[in-house]
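Work through the exercises below with the sequence and the 3D structure at hand. Each task is followed by a worked solution.

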Amino acid sequence: MTAPTLISSSGQLEVDLDADTALEQLYAAHWRGLVRLAVLLLRDQGAAEEVTQDAFVAMHGHWWSLRDPDKALAYLRRTVVNRSRSALRHRGVVERYAARQRPALNVADPADAPTLVRDRRSAVLDALRALPTRQREVLVLRHYLDMSEVEIAETLGISRGSVKAHASRGSAALRALLSDRLHEGEL
Amino acid sequence: MDDLATLFKEAVDTVEPRDRRAELREAVTVAGRRRVRRTVTGGLLAAAVVVTGVAVTMHGTDNHQDAGPVGPPRAIDRSRDDRPAYALYYLGQTPKGPRLYREFRPGPGPDMTPASSLSLMQEQPDDPDYRTMWPDGTFSDAQVVNDVIDVEVADPASVAHRLDGMSPAQAELSVDQVIYTVQAAVQEELPVQFTHDGSPLAQVLGVPTSEPLARGEAVDVLALASISNPSERRVVEGYFSADGQASSFEGAVPWELLDANGTVVKHDTAQTYGYGDRLYPWATGRIDVSDLAPGVYTFVVMTADPSGGAEGPGPTRDTRTIIIK
């Protein structure tokens, strides 16, 4: 996607870029991606948009200390992850009840590809929601945002060792959950 | 190959968030006003230090620099209103004949309109491998009327028949090019009616158009391997990742990174979860390029060729130029 050019960390732009312009540029480049990140963490799109909007407002307020699009993006991602976690905590009781009530996914007719994809989408989002929070966060940062262990550790404020442990336990758990729900041979 | 990356991307690739720019501007203005009151003691001092620091860098002096209104944002300049990315379709060559490739380009906003998408489509694409065969100025307008996208043709006589040097396949595909492009702008698969002065046209480029048209099936019309990200001439540092869609034998989507001499410096295969009946998303996961010298590289994705080139038309490819910093 072609978005307004953001000069990366070593760039000279930081002196010139004011908070409003930064907000507009970062919105253009990352709004959709960050909402999608929040959907992976929260499952619910409305809540994901709320959380992401709050993150942008917070970033705007901190721009004077960030003053760099790369730092601002890292800040936005961290804030989306943190606020998603708090949103889930508030929703926890309701969610746990809803999860028990959610009917098992139907196994789709393989000939019906769109249904299959829809089912796989919900299977992936359901399976992510079923993971412990840290495992979900680590997996999403690793595989959706392509972050390195070091970056994940910085974003979540945990050690590299913990990142490694959450990643291996999380991906084993996720694969187990998904293989129950998806057709054989799709994973 | 990173199967979780592909699954995660697919899980959210249809999520199109609502545009919240208006709420966001409102929220930061309110937050800004609140912050000014709150930060009179601490925040403004810190802000003044920052501004002084900048002033030194810029002017070599810290005299008479007004600390200024750092806390509250000034009104957002609406002339710079954000430009949404339009998905524009162009003809490209594949071993199966011409197919449509998609390119994203910023255009008039805040909401995308089919009219703007067509005027962008009539400009030349960023990717030199793509092209449009419609003469500039063919389409003067487009709008949604009663759940049909009316595409207004300025001079119907000039495009009623196939143009010189245009194959029947290119003519059909050019009609699909318009359908895909305006449908992308309205983000709905509404039928498309070619019109002049509001009346339906009997044919365009020799293709019958008296009724509203549905888009051609993706597997018949679109390139079987294409790149959505990165965009053309994207600058990357340390690493990048790529994604797109494909329908390739056994779901295998090989990719290569070539240096300026055309030497393959990285390669791997991404995996989709199906093939044949439609296009499926692929994603590379993280591609580490920190070991490569800065310069211009080409990222290539292709359909798998089970015969190894021994038979059949060979793979469909899509390429992007990337610049490694």
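**Exercise 1: strand pairing in chain B**

D150(B) stands opposite Q193(B) in β5(B). The model is predicted: local features need pLDDT of at least 70, side-chain atom pairs count only at pLDDT 80 or more, and totals for chains, interfaces and linings use all residues. Residues are numbered from 1 along each chain as its sequence is written, with chains lettered from A and ligands numbered from 1 in the order in which they are written.

Task: which way do the strands joined to β4(B) run, parallel or antiparallel?

Solution.
1. Strands are DSSP runs of E with at least two residues, numbered from the N terminus; two of them pair if DSSP finds at least two bridges between them.
2. Strand β5 (residues 192-196) of chain B runs parallel to β4(B), joined by 4 bridges.
3. Strand β3 (residues 139-145) of chain B is antiparallel to strand β4 (residues 148-153) of chain B, with 6 bridges. Here D141(B) has E152(B) as its bridge partner.
4. The hairpin of β3(B) and β4(B) has 2 residues between the strands, and N146(B) takes a positive phi near 50 degrees.

**Exercise 2: a helix pair in chain A**

Task: find which residues of α1(A) and α5(A) meet.

Solution.
1. Contact requires C-beta atoms, placed from the backbone, within 7 Å. Helices are DSSP runs of H or I with at least four residues.
2. From α1(A), L37(A), L40(A) and L41(A) meet R136(A), E137(A), V140(A) and Y144(A) of α5(A).
3. By class, this contact of α1(A) with α5(A) has 5 nonpolar, no polar and 2 charged residues. Nonpolar means Ala, Val, Leu, Ile, Met, Phe, Trp, Tyr, Cys and Pro; charged means Asp, Glu, Lys and Arg; the others, Gly among them, are polar.

Methods. Two residues are in contact if their C-beta atoms, placed from the backbone, lie within 7 Å.
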